[in-house]
Every structure is written in C-alpha cells, then in structure tokens.
Amino acid sequence: MILDRILEHKKAEVRHKLSRGYLAELKAKIADRPAPVPFAVTLDATRSPVAPALIAEVKKASPSLGLLKEEFKDRFEPVTIAEQYREHGASCLSVLTDEMFFQGSLEHLQAVKDKVGIPTLRKDFMVHDVQFYEARAHGADCVLLIVAALERRQLIDFFALTKELSLDVLIETHHERELDTVLDWLPDAQLIGINNRDLKTFSTDVNLTLRLATRIPSDKLIVSESGLHRRDDVKRLLEANVHAMLIGESLIRADDIGAKMRELLGTGERTERG
C-alpha cells in the first residue's frame, strides 16, 4: 500500500535529518517566530451560508498523478499560487512539505506563511516529535495527524505535543473505526478531517464525508478532504453541515484558479443573481 511505502521512507528521512543540535536549532528559530494564528477559529469564523470555509492546498505533485501541471517541471511558485488563493477567498492554506512523494518542502511552507500570512497547515506524514518542531519553526499554525498512520499511543502523544507548541491539529480519518478512535481517545480534538480518498485504491467518494459527518458531535469542526471537484460536491457538504473543505488538486489543475474558486465557493452565483 502506498501509505506504508510513504511512512517507511518518512521514518528513514527523519532519522537521517536528526543530528546533535538540530532540535536546539529548531527551538531557537521558534523563539524568533510570532505565535501561531488560530486555524480552527478562522475556519469557523469564515464559513458562509453558501460554502464551507476553504483550505486551499499548495501542491506540486502526488504519488498517483505525478506533477499536477506540466509547467511545474520548469517552474513551481508556491507563493504565487497561495496569493491567488488568498485573493479569491481561501480562509486558510495547506502546504505539502513531503519531498519524496509530493515534491514539497519546508521552505515552501515558510515562504508561503511569511509572504501570504493567513493560517497555514503543514501537510505531511508526521511520525516523529521533531517534525512538530519543524512545523512550528517554519511558520505552520496547524499540523496534520493521520489516524491510519499512527498507533494509538503515538496519536495521543503527538496531540499533546501540538498543544505544547500552540499548534492546532487536523486529525484525519478514513472510516468509522478511525473516527471512533478519535472521539474516544482524543475528546478535546476540535478539527476532524474526513478523507474521501481510499488509501488502497486512491479512488475518492464524497459519500464518505456524508456518512461519517452524522457521527461527529456538534461541538467539533468537520473538514472534508479529497475528491471535491464541482459545485455540486460543495452543496452536498453544506447539506451535511460540514464546516470546511480542503481542496488542492482541482484548484491547482484548473486553467483559471480564481474562476474555479468562485465556482466552488458559490461567489459567482451571487454575482450572477445581482
């Protein structure tokens, strides 16, 4: 399974980076950075009657598709993409930092946060404490925890570490068992993600969000991830009381990012109605 390959490589990558003084360097860098911006609060405050809040993703490539645009072979400008997202109504940003499988980097994260400023998620496969310090040192306001990638003890310990570092955390689930794990073991978790992508087949089905959302208490914020391509998908999320949506591929691959965002957010509909 692709997730197993990614996690195996990620653990080796972290071991390779660890050296005497690395954590101290990160902590010194954190001391010089401003406090994180509340990610979850921003999502809750910016959702609207016509669309959940949008977390727009800066993404160069994926394991299943490779480069998302041919032009990225020669030029990839994460800050320019993020600025378009902010201009056209994104509430928050997500930046891929995995290098091997998504061709992202921590430098992309820091550049986007420093230049664009709105709340930003480090999107990566978190398998070691040091990655959370990296996230904070490079400007992240939120990190991702993937339930399928972690043992229960790791999930609990990593969640506690995010609180120590004043980071928000988006906890990603893929089915009922994982959701029950979060609700039972992390009662303070505020942001619960539902990834519509099957980790074995990589196919997507928005019905997964609709099914799992009914099981989530009303005091949680629900984020639907993956497979959201059309305005009809967004309308279905609204009917299920989903608070936010994380979208990358359909925005990145669009000929006109602004037009695609207006379509998904329904802002074009309001303009047409006057």
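In the predicted model, the place of Arg 197 is in the loop between strand E8 (191-195) and helix H9 (207-213); helices (H or I, at least four residues) and strands (E, at least two) are DSSP runs numbered from the N terminus. The model is predicted, with local features needing pLDDT of at least 70, side-chain atom pairs counting only at pLDDT 80 or more, and totals for chains, interfaces and linings using all residues. Residues are numbered from 1 along each chain as its sequence is written, and side-chain values use heavy atoms, with hydrogens and water left out.

Arg 197 has a relative accessible area of 19% and is therefore buried, a term for values under 20%, with exposed meaning over 50% and partly exposed in between (1.4 Å probe, protein chains only). Leaving aside neighbours within four places in sequence, Arg 197 is in contact (heavy atoms within 4.5 Å) with His 174, Phe 202, Ser 203, Thr 204, Ser 226 and Glu 249. Between Arg 197 and Arg 153 there are 25 Å in space, C-alpha to C-alpha, and the two are 44 residues apart in sequence.

Arg 33, in the loop between H2 and helix H3 (39-46), counts as buried because its relative accessible area is 16%. Beyond neighbours within four places in sequence, the contacts of Arg 33 are Gln 110, Lys 113, Asp 114, Arg 136, Ala 137, His 138 and Gly 139. Lys 260 belongs to helix H12 (residues 257-265) and, with a relative accessible area of 17%, is likewise buried. Not counting residues up to four places away in sequence, Lys 260 touches His 229, Ser 250, Leu 251 and Ala 254.Helix H5 (residues 106-116) has as its buried residues Leu 106, His 108, Leu 109, Gln 110, Val 112, Lys 113 and Val 116. Among the elements that cover these residues are helix H1 (2-17), helix H2 (22-31), helix H4 (78-87), strand E4 (92-96), strand E5 (120-123) and H6. Just after H5, Gly 117 takes a positive phi of about 90°.

The axes of H4 and H5 come within 9 Å and cross at roughly 45°; axes are lines fitted to C-alpha atoms, for helices over the stretch in contact, and angles run from 0 to 180 degrees between N-to-C directions. H4 and H5 are therefore oblique to each other, since angles under 35 degrees count as roughly parallel, over 145 as roughly antiparallel, 65 to 115 as roughly perpendicular and the rest as oblique. Their crossing is right-handed, that is, the near helix is turned clockwise from the far one by less than a right angle (anticlockwise for left-handed). Pro 78, Val 79, Ala 82, Glu 83 and Arg 86 of H4 make the contact with His 108, Ala 111, Val 112, Lys 115 and Val 116 of H5. These residues comprise 6 nonpolar, 1 polar and 3 charged, where Ala, Val, Leu, Ile, Met, Phe, Trp, Tyr, Cys and Pro count as nonpolar, Asp, Glu, Lys and Arg as charged, and the others, Gly among them, as polar.

For helix H6 (residues 129-137) and helix H7 (residues 152-164), the axes come within 10 Å and cross at roughly 30°, which makes H6 roughly parallel to H7. The crossing of H6 with H7 is right-handed. Asp 129, Phe 132 and Tyr 133 of H6 meet Phe 158, Leu 161 and Thr 162 of H7 in this contact, a set of 4 nonpolar, 1 polar and 1 charged residues.

The largest nonpolar core has 95 residues; such a core is a set of buried Ala, Val, Leu, Ile, Met, Phe, Trp, Tyr and Cys residues joined through side-chain atoms within 4.5 Å. Leu 43, Leu 54, Tyr 85, Leu 145, Leu 191 and Met 245 have the most contacts inside this core. Apart from neighbours within four places in sequence, Met 245 is in contact with residues including Ala 51, Leu 54, Val 223, Leu 228, Leu 237 and Leu 264.
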